Amino acid sequence: MEALLQQIENYKKEITVYEAADAEATEAFRIKYLGTKGIVKAIMGEMKNVPNDQKKQFGQLLNDFKLFTEEKYEALKLSTTGGAQTAAKEIDWSLPGDSFPVGTRHPLTIVRNEIVSIFKRLGFAVAEGPEIEDDWHNFGAMNLPEDHPARDMQDTFYINQNPAWLLRTHTSSVQARVMEKQKPPIRVICPGRVYRNETISARAHCFFHQVEGLYIDENVSFADLKQTLYFFVQEMFGKDVKVRFRPSYFPFTEPSAEMDISCLICGGDGCNVCKHTGWVEILGSGMVHPKVLENFNIDANKYTGFAFGMGVERICQLKYRVNDLRLYSQNDVRFLKQFTSAV
Ligand SMILES: [Zn+2]
């Protein structure tokens with residue numbers, strides 16, 4: 001029995017000095033001493049060789065040894081696997097937190113939001129309407145009757161099941177729906193996606209985004225139109241930007257004008273973007289055609305109004321120098337990541 005006692009003493013010494021650097025070493029300790037084929041079990045197995053009169057004394061000794069080993073195991077576990085007490089000591093509250101990727105807003109969304117916020121400050125409300133339209137709201141009401149040559153400029157996609165339906169070519173259709181329901185004064189902007197049957201290239205796409213505006217009230221003049229749009233470009237591009245109006249033609253406005261701004265890239269000296277003219281076209285505008293007002297039973301002798309429309313992609317191109325329209329719809333993360341975070 002002396003040999004067994006000596007063995008236990010040796011194991012106790014071994015266990016006392018046992019050190020575990022990590023959870024793996026702690027587990028190794030458990031397997032070695034407390035596992036099903038471990039030392040504690042083996043020593044317990046020796047009980048059968050102990051003479052009967054010594055069984056009680058040895059039983060006590062072996063039990064103590066077992067408890068001693070188990071306590072050591074608990075202590076190792078606490079120091080290596082992060083028991084509550086130890087973990088609290090190890091947390092470094094000065095470390096930065098985990099970051100969550102939140103993505104970025106699409107450049108067209110950033111620019112559309114900016115346009116909308118500028119016009120909201122002038123008292124314009126936002127109106128929205130369907131992208132699948134009927135002929136009347138998209139063309140007829142806008143003084144573009146069938147066979148009008150201006151329709152050729154706005155070829156679009158038609159729905160097979162019902163040829164009277166089409167994908168809207170401009171958000172003027174939303175203006176039509178507003179005039180249908182609301183009496184003047186009307187002051188709305190209509191942001192949204194529009195469609196054209198165009199071959200896709202760097203300069204043209206089968207869909208793009210517009211923000212159109214409409215202001216109808218008594219005594220609305222061309223001077224109001226100019227000042228409103230001048231305010232808009234100054235807010236959008238800075239106080240130094242210059243504007244010029246060129247006479248133009250749209251079936252739904254009379255008189256009509258295209259508005260240019262001084263080239264932001266060369267400052268008016270001439271470059272590729274402005275085709276060496278120093279000016280860049282950014283929107284179309286004009287006084288609402290009396291025929292359009294009459295289409296909605298608005299008295300054209302009492303009320304006047306102005307309307308304008310711009311392409312969000314165009315403004316975005318000038319703001320961010322994006323030269324290829326296709327980039328906006330390719331979902332290339334390398335391109336999209338360059339814009340302001342969504343938060
Ligand atoms: Zn230029």
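Select alanine 125 to begin, and then look across to strand S5, where its bridge partner is valine 188. The two strands here, S1 and S5 (residues 186-195), pair in the parallel sense over two bridges, where strands are DSSP runs of E with at least two residues, helices are DSSP runs of H or I with at least four, and both are numbered from the N terminus; two strands count as paired if DSSP finds at least two bridges between them. Strands of a sheet pair through backbone hydrogen bonds, either parallel or antiparallel.

Before going on, note that this is a predicted model, in which local features need pLDDT of at least 70 and side-chain atom pairs count only at pLDDT 80 or more, while totals for chains, interfaces and linings use all residues. Residues are numbered from 1 along each chain as its sequence is written.

**The seven-stranded sheet**

Now widen the selection to the open sheet of seven strands, which follow the order S1-S5-S6-S10-S9-S8-S7 with mixed pairing. Strand S1 (125-126) and S7 stand at the edges with a single partner strand each, so one side of each has no neighbour in the sheet.

The UniProt record, an unreviewed entry, places the feature "binding site" at Glu254; UniProt positions are given in the numbering used here, feature names are shortened, and annotations may be inferred rather than shown by experiment. Glutamate 254 counts as partly exposed because it has 15 C-beta neighbours inside 10 Å; a residue is buried if 20 or more other C-beta atoms lie within 10 Å of its own, exposed if 12 or fewer, and partly exposed in between, with C-beta atoms placed from the backbone. Apart from neighbours within four places in sequence, glutamate 254 is in contact with Gly286, Met287 and His289, contact being defined as C-beta atoms, placed from the backbone, that lie within 7 Å.

**The nonpolar cores**

Next select phenylalanine 306, whose contacts, leaving aside neighbours within four places in sequence, are Tyr215, Val220, Asp224, Leu225, Ser285, Gly286, Met287 and Val288. The largest nonpolar core has 43 residues, and Phe306 is among the members that touch the most others, together with Met142, Val188, Ile216 and Ile315. A nonpolar core is a set of buried Ala, Val, Leu, Ile, Met, Phe, Trp, Tyr and Cys residues joined through C-beta atoms within 7 Å. There is also a second, separate core of seven residues, and Ala20, Tyr33, Val40 and Phe65 are included in it.

**Helix H4 and its surroundings**

Follow Phe65 into helix H4, where Thr69 and Leu76 are buried as well. H4 (residues 55-80) has 26 residues and reaches 37 Å from its first C-alpha to its last, close to the expected 38 Å, the expected span being 1.5 Å times one less than the number of residues. Helix H1 (2-17), helix H2 (23-34) and helix H3 (39-45) are included in what covers the buried residues of H4.

In the loop between H1 and H2, select tyrosine 18, which is in contact with Phe29 and Lys72 when neighbours within four places in sequence are set aside. From tyrosine 18, draw a line to histidine 209: the two are 191 residues apart in sequence and 72 Å apart in space, C-alpha to C-alpha.

Return to the three strands that form an open antiparallel sheet in the order S2-S4-S3, with strand S2 (132-134) and strand S3 (158-159) as the edge strands, each pairing on one side only. In this sheet, glutamate 133 stands opposite leucine 166 in S4.

Finally, show the protein as a whole, with its twelve helices and ten strands. Its radius of gyration, taken over C-alpha atoms, is 40 Å, well over the 20 Å that the globule rule (2.2 Å times the number of residues to the power 0.38) gives for 343 residues, so the protein is more spread out than a compact globule. The C-alpha trace spans about 125 × 50 × 40 Å along its principal axes.

Conventions. Contact = placed C-beta atoms within 7 Å.
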